[in-house]
Amino acid sequence: MDQSDATRIAHQSAVFTDGLLLDCGQRLPSVTMAYRTYGALNAARSNAVLICHALTGDQYVGETHPLTGRGPWWETVVGPGRPVDTERYFVICANVLGGCMGSTGPMDPRAPGEAPWGTDFPPITIRDMVRAQKKLIDHLGIARLFAVIGGSMGGMQVLEWAATYPQMVFAAVPIATAGHHSAQNIAFNEVGRQAIFSDPDFAGGQYYSTGRVPAGGLGVARMVAHITYLSEEALSRKFGRKLQGGQAAAQALALFGDMFQVESYLQHQGSTFVRRFDANSYLTITRAMDYYDLAAEHDGDLSRAFTGTRTRFCVISFSSDWLFPTRESRAIARALNKAAANVSFVEIESDKGHDAFLLDEPDLSRVLAGFLGGCAQHAGLESEAR
Amino acid sequence: MTDPVRYVAKNMRLDLRLIAEMIAPGSRVLDIGCGDGALIDELTRMRGCDARGIEIDMAEVAQTISRGLPVMHGDADSDLSHYPDRAFDYVVLSRTLQAVEQPRVVLRQMLRISERAIVSFPNFGHWQVRLQLLLRGRMPMTSVWARPWYETPNIHPCSIRDFFALCETEGYEVERWLAIDDAGRKSPWRRFSGLANVFGEQALFQLRRV
């Protein structure tokens with residue numbers, strides 16, 4: 001496949017020429033953060049909500065995507081009249097460090113005029129992503145975020161925000177996430193990475209100069225990952241054993257070709273993904289998720305990450321999510337209990353697997369809206385807004 | 001997921017008010033089995049408390065968070081051990097003690113994480129209960145003990161006298177206690193525990209760690 005489309009569009013961004021010292025010890029000499037905002041910052045600068053996106057998400061949380069033309073990725077959660085109401089809150093969403101939608105990442109040149117980083121891009125952590133976001137929040141003149149919200153890897157960032165900058169986070173909503181990336185999750189990521197490595201077009205990570213991208217490998221990585229985002233129930237309900245082209249196709253038992261509908265669905269997921277995502281970014285970000293272990297950063301005790309916290313938490317999981325199962329969220333809630341934090345915790349009944357957090361789940365909307373509304377009262381946002 | 005066990009009916013408005021009146025304004029409160037969050041709401045809005053809840057029924061949890069109240073899914077048996085010592089001024093367990101797996105352990109946990117515990121439970125010493133067992137020789141069924149033995153969640157019934165005895169064994173100071181009827185009204189038997197144990201349908205205790 002030809003060069004990824006991701007390089008071809010301009011993104012709104014802020015450049016931080018003071019650079020960023022990373023957890024790995026290396027320093028990025030300059031950091032660009034691509035971001036979008038929705039709604040208006042109030043006079044007291046107290047109504048800002050930071051949305052943290054997941055592995056393959058980006059900053060276009062509340063508008064049509066400029067590259068894919070698809071609708072806002074969190075349409076049921078962010079927007080006018082939605083739980084994260086853009087008529088009430090000033091919503092910020094930034095592409096993560098290491099990403100490929102305009103923030104500093106492996107696609108960028110090491111220095112102006114030089115070749116792209118490729119696989120030489122330094123390994124980054126979730127905390128590095130959060131430190132980079134902190135620069136943007138400072139740049140926007142916001143001393144305290146009313147809320148930080150995110151699902152999956154976005155939830156990891158939420159927890160890291162609350163642990164690293166507790167005084168800057170009034171409310172935190174980690175959704176469908178965990179305190180560390182499990183061995184099973186690392187294993188799935190590794191399958192994806194090996195698929196990318198084994199694609200000849202990967203060219204050791206220096207494919208930018210070849211005019212080709214490792215579409216086959218990245219597509220397989222996406223297919224594997226996509227299975228983990230769903231549930232057996234959801235797959236059975238959607239596809240069952242339905243065949244492509246009806247019964248006629250079933251007569252000729254073929255080894256190749258997409259016999260089953262679920263196969264063509266996954267292949268479609270893979271092929272559309274490679275048009276918008278960079279393989280080196282995928283490697284960098286999946287690694288960051290694998291490194292993530294919030295307890296390990298605090299002497300092996302997750303509750304110590306939140307000692308003395310005044311942040312109000314709402315931990316949310318989904319019943320059919322096996323990638324970030326409810327027990328992981330319960331462990332977060334219990335660690336927060338141990339830190340005597342103010343925590344709400346609920347498992348939402350859904351058969352849609354991990355992906356449920358991105359889909360229209362009325363209970364998720366109700367819980368989010370109610371939690372944020374309650375927090376707004378405690379933060380005194382109501383009186384300022386009206 | 002199996003259907004969550006519903007504890008005894010919570011027609012609680014009156015005894016909730018009694019409990020709320022026992023709690024000093026501005027306190028840190030944990031309400032175990034908080035149901036729809038009525039007590040948390042009352043304590044937060046009217047008494048300026050930092051009140052939170054634990055509830056076993058997931059639908060109720062979602063509903064209560066949706067009303068802006070801090071509640072977490074959990075239960076008295078497995079979740080209290082995760083809180084630090086003295087995290088609260090009051091821990092409330094209303095009409096639930098008789099349904100937990102380990103009432104004694106739950107009480108210990110309550111008085112570890114909190115200065116005071118407020119506990120209410122249906123009194124198994126009530127005369128109707130005694131009379132039914134005596135005359136019919138079968139497990140009593142009253143308005144308070146309303147479910148047959150094979151499906152009741154109330155696996156650890158006790159009488160007011162039993163509870164006094166447990167408090168003494170465990171070394172808890174009974175700061176206040178009163179008997180109430182099923183609607184939550186105070187009964188006139190409050191000064192005489194023997195009478196209360198015969199005529200009180202429910203009991204409400206405020207305990208303190210000594």
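Helix H10 of chain A meets helix H3 of chain B through Asp363(A), Arg366(A), Val367(A), Gly370(A) and Phe371(A) on one side and Ala62(B), Ile65(B) and Ser66(B) on the other. The model that shows this is predicted. The residues of this helix contact divide into 4 nonpolar, 2 polar and 2 charged.

**The wider contact between the chains**

- Chain A puts 24 residues into the contact, and chain B puts in 18.
- On the chain B side, two elements give two or more residues: helix H3 (58-66) and strand S3 (71-73).
- H3(B) gives the most to that side, with 5 residues.
- By class, the chain B side has 12 nonpolar, 4 polar and 2 charged residues.

**Chain B as a whole**

- Chain B holds 8 helices and 7 strands.
- Its C-alpha trace spans about 50 × 40 × 30 Å along the principal axes.
- A compact globule of 210 residues would have a radius of gyration near 17 Å, so the 16 Å of chain B agrees with that.
- Of the 210 residues in chain B, 48% are buried.
- Take the contacts in chain B between residues at least 6 apart in sequence: 64% of them join residues at least 24 apart.

**A helix with buried residues in chain B**

- Which residues of helix H5 (residues 103-113) of chain B are buried? They are Pro103(B), Val106(B), Leu107(B), Gln109(B), Met110(B), Leu111(B) and Ile113(B).
- Their cover includes two helices of chain B, H4 (76-79) and H7 (160-170).

**The largest nonpolar core**

- This core has 172 residues.
- Val49(A), Ala147(A) and Val173(A) touch the most other members.
- What does Ala147(A) touch, leaving out residues up to four places away in sequence? The list is Val49(A), Phe170(A), Ala171(A), Val173(A), Leu372(A) and Cys375(A).

- Most residues other than glycine have a negative phi. Arg45(A) and Ser152(A) are worth a look for this angle.
- Arg45(A) has a phi near 55°, a positive value. Arg45(A) sits in the loop between strand S4 (31-38) and strand S5 (48-52) of chain A.
- Arg45(A) has 14 C-beta neighbours inside 10 Å, so it counts as partly exposed.
- Ser152(A) has a positive phi of about 60°. Its place is in the loop between strand S9 (145-151) and helix H2 (153-164) of chain A.
- Is Ser152(A) buried or exposed? A residue is buried if 20 or more other C-beta atoms lie within 10 Å. Ser152(A) has 27, so it is buried.

**An exposed lysine**

- Lys242(A) lies in the loop between helix H5 (232-238) and helix H6 (246-251) of chain A.
- Lys242(A) has 10 C-beta neighbours inside 10 Å, so it counts as exposed.
- From Lys242(A) to Gln184(A) is 58 residues in sequence. In space, their C-alpha atoms are 29 Å apart.

Conventions: Residues are numbered from 1 along each chain as its sequence is written. Chains are lettered from A and ligands numbered from 1 in the order in which they are written. This is a predicted model: local features need pLDDT of at least 70, side-chain atom pairs count only at pLDDT 80 or more; totals for chains, interfaces and linings use all residues. Two residues are in contact if their C-beta atoms, placed from the backbone, lie within 7 Å. Helices (H or I, at least four residues) and strands (E, at least two) are DSSP runs, numbered from the N terminus. Ala, Val, Leu, Ile, Met, Phe, Trp, Tyr, Cys and Pro count as nonpolar, Asp, Glu, Lys and Arg as charged, and the others, Gly among them, as polar. A residue is buried if 20 or more other C-beta atoms lie within 10 Å of its own, exposed if 12 or fewer, and partly exposed in between; C-beta atoms are placed from the backbone. A nonpolar core is a set of buried Ala, Val, Leu, Ile, Met, Phe, Trp, Tyr and Cys residues joined through C-beta atoms within 7 Å. The radius of gyration is taken over C-alpha atoms; the globule rule is 2.2 Å times the number of residues to the power 0.38.
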